[in-house]
Amino acid sequence: FVEGSMIYNNTEFYIQDNWKVNNRLTLDYGMRFTRQQPQHDQFQQMSNFFPDQWNASQAQTLYVPGCSNGAATCSGNTLNAKDPRTGQVILPPATANNTQVLIGTPIPGSGNTLNGIRQAGDGISKYGYTWPTLVFGPRFGAAYDLSGDQSLIIRGGAGLFYDRPDGNTVFSIPGNPPIAASADLRNGTLTSLGVGLSPGAVPQLVTFQYDAKVPASWQWQAGVQMALPWASSLDVSYVGNRGVNRLGGLQGGNVVNFN
């Protein structure tokens with residue numbers, strides 16, 4: 001995976017009109033049309049997780065703590081990994097003092113490593129997720145000459161604006177299984193490969209809401225503009241902004257609800 005393989009296309013167009021209703025009132029209105037192709041890996045090296053397709057009977061079994069001396073509790077080198085299905089304690093090889101590093105990792109051969117995971121194009125969208133093909137952003141504005149001589153004017157406007165998500169929301173997805181897996185060799189050397197401890201892969205899983213919506217924000221403002229002496233003016237406005245369908249930030253491992 002290279003960042004250069006993540007691609008998308010944006011296509012936008014708009015229509016607008018300006019209507020001078022009379023000498024005091026002017027209206028501006030229009031509609032912006034936005035097509036945002038989902039940002040995706042051109043080689044379909046993305047996958048997504050579907051909770052409704054996850055099957056508890058196919059879940060992988062993890063090693064649990066166990067005592068090599070048969071005691072109920074222990075610590076130090078006596079504490080090792082245990083297979084909860086058989087009760088077998090995994091004894092350390094000659095290159096290790098214990099097998100604690102295996103605790104909490106999947107037991108090889110147990111369960112389905114792709115439980116609930118589907119690769120892009122495999123029965124799901126080639127993008128790995130979907131959102132509306134075309135979205136609409138209405139715009140409206142008005143200006144009213146309250147005084148009739150342009151010395152006191154009321155203005156206002158509102159619109160819906162769409163936003164392209166931060167690339168970090170998808171850059172890590174090609175690191176999901178089945179495209180990528182991790183391998184961790186502990187207490188092993190080049191001369192003893194296969195002898196040291198090799199915990200099963202515990203891959204990352206970065207997901208994207210499959211049936212997603214394009215992030216957007218409603219923005220509006222209203223105010224009064226007054227002409228003052230010495231070719232100056234006073235402008236007082238209220239400005240509002242409300243985010244909808246915003247995506248959580250993934251930077252630093254923190255997920256923040258931006259809505």
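How do the residues of the lining of the largest cavity divide into nonpolar, polar and charged? In this predicted model, the residues of that lining comprise five nonpolar, two polar and two charged ones. A search of the whole structure finds one cavity of 30 Å³ or more, and the volume of the largest cavity is about 30 Å³. Its lining is made up of Gln 39, Tyr 129, Trp 131, Arg 164, Pro 165, Asp 166, Thr 169, Val 170 and Phe 208. Rolling a probe the size of a water molecule over the atoms is what shows where empty space is left.

A polar atom of the side chain of Asn 80 lies 3.2 Å from the backbone oxygen of Asn 77.

Side chains of opposite charge can pair when their charged atoms come close, and the structure holds four salt bridges. In one of them the side chains of Asp 83 and Arg 85 meet, with an N to O distance of 3.0 Å; Asp 83, at 7% relative accessibility, counts as buried.

Another salt bridge joins the side chains of Arg 118 and Asp 122, here with 3.8 Å from N to O. Arg 118 has a relative accessibility of 23% and so counts as partly exposed, and Asp 122, at 44%, likewise counts as partly exposed.

A further salt bridge is formed by Arg 246 with Asp 163, whose closest N and O atoms are 3.0 Å apart. Because Arg 246 lies in the segment after β12 (232-244), while Asp 163 lies in the loop between β10 (152-162) and β11 (216-228), this pair ties together parts that are 83 residues apart in sequence. Arg 246 counts as partly exposed at 24% relative accessibility, and Asp 163 counts as partly exposed at 32%.

Note on methods
Residues numbered from 1 in each chain as written. Predicted model: local features only at pLDDT ≥ 70, side-chain atom pairs only at ≥ 80, totals over all residues. Heavy atoms only, no water. 1 Å grid on protein atoms, 1.4 Å probe; cavity = no way out; pocket = protein on both sides within 12 Å on 5 of 7 lines; lining within 4 Å. Points joined across faces, edges and corners; volume = space filled by probe spheres on them. Nonpolar A, V, L, I, M, F, W, Y, C, P; charged D, E, K, R; others polar. Polar contact = N/O pair within 3.5 Å; in protein donor to acceptor, adjacent residues only side chain to side chain. Buried < 20%, exposed > 50% of the residue type's maximum accessible area, 1.4 Å probe, protein only. Helix = DSSP H or I, 4+ residues; strand = E, 2+ residues; numbered from the N terminus.
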